[in-house]
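Hello,

Here is the structure for your files. Please look it over, then read my notes below.

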Amino acid sequence: MGRSMRTIRSNLYQLREEMPNYTENLSDADIDLHLGELAKKSSSNSTSASSDIGEILEISGTFSDFSAYSSDISGELRRLASLPDPGPVGGASPNPELEPCTGFLERETFSTEIIESISPEDLQPTVKLCVDGLQSASIAVQRSAAAKLRFLAKNRADNRVLIGESGAVPALIPLLRCSDAMTQEHAVTAILNLSLHESNKSMMTHAGAVKSLIYVLKTGTETSKQNAACALLSLALVEEYKLSIGAAGAIPPLVSLMINGTNRGKKDALTTLYKLCSVKLNKERAVCAGAVRPLVGLVGERGTGLEEKALVVLSSLAGIEMGRDAIVEEGGIPALVEAIEDGSEKGKEFAVVALLQLCLGSVRNRGLLVREGGIPPLVALSQNGTMKAKQKAEALLGYLREPRQEASSSNP
């Protein structure tokens, strides 16, 4: 226990030279011994690294105009700490292929008592073993290695830097297309966690991560699909990647997740669609992918946390002509009026913004809004809404007076 960290690392590398299958056969006892020694040495001077939640709050800051968006980019963050590695999917086999070093993955004390207190420099040999394991011929070893890296990248920014610099990204990306569901899930979640570090994003895009993440959106488990959507969101925070993500085909499977996913999956899909649709071409792609009809449907879902997010995306799509046409055609005006009558404060604000865009240049849409009984709730909103909602409602009421003025002037 009194050996220096340099000696421990040297011995780890020596073990690798003496044991060709070191990556695949490292025991729980070996992991316990070496990581425990490293933790004792560094616990006196280590500082807590920034957590996923902190970094995600920064990411959610990009939605500052739409504060209804959750700061939790993925359910992964609340779920991972207590998740044991479930092993291979399917029934038990007479001679199961054992997961290597399962204790390193499953024991919660590693997360809180050991891993968090080891510096990245001292953790480097373990990371290298995991990266090598990603390229093993054994699915069990690949699964275990991906899960270890997912775990190590979960809470610490400095670990994300180390793992990225150790060559994990190009080794993880092929596993996104793995036929083993849990290996794919571990790999996509590791990619999500690693993507929170800025320099890893360019590494991922250059290594072909976008198309592989889209493959996960189409084929993965519910959790894999959710985390693939979140990884694409993380990449889309880089402005120059938005168009390439849309061009690669991300929007149709995101629309599918918005329709068919769990509540969590729908939220992740909506958030990612919103971010991608800040550019016009992706708005057009979303409309062509059939996004408007389910968005209008979600506007009417109260108490699910989806209404406000759907309203934000609808408001974005209303920024282009084909989006406005599709919203009106799919019954968007009655749904938006209902949101102003019965929605939350933020929901009412988003709904009036969308209606204002629909009516700004269209006398026909103003007439439809009046026929749907839109004036009384707009008057109420102009008096009792948020400051922004009041301003937008007053502006819209002003536009609604114009058709009558035009009609009276043309018929003296």
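Buried means under 20% relative accessible area, exposed over 50%, and partly exposed lies in between (1.4 Å probe, protein chains only).

Some ground rules. This is a predicted model, where local features need pLDDT of at least 70, side-chain atom pairs count only at pLDDT 80 or more, and totals for chains, interfaces and linings use all residues. Residues are numbered from 1 along each chain as its sequence is written, and side-chain values use heavy atoms, with hydrogens and water left out.

The fold: 27 helices and 0 strands. These are DSSP runs numbered from the N terminus (helices H or I, at least four residues; strands E, at least two). Among contacts (heavy atoms within 4.5 Å) with a separation of 6 or more, 74% join residues 24 or more positions apart.

Helix H21 (residues 307–317) holds it. Leucine 311 counts as buried because its relative accessibility is 0%. Beyond four places in sequence, its contacts include Leu336, Phe350 and Val299.

Now confidence. Mean pLDDT (the predictor's confidence in each residue, from 0 to 100) is 78, and 69% of residues reach 70 or more. Residues 1–27 are below 50, yet have 37 contacts in the model beyond near neighbours in sequence. Where pLDDT is low, the predicted coordinates should not be read in detail.

Best wishes
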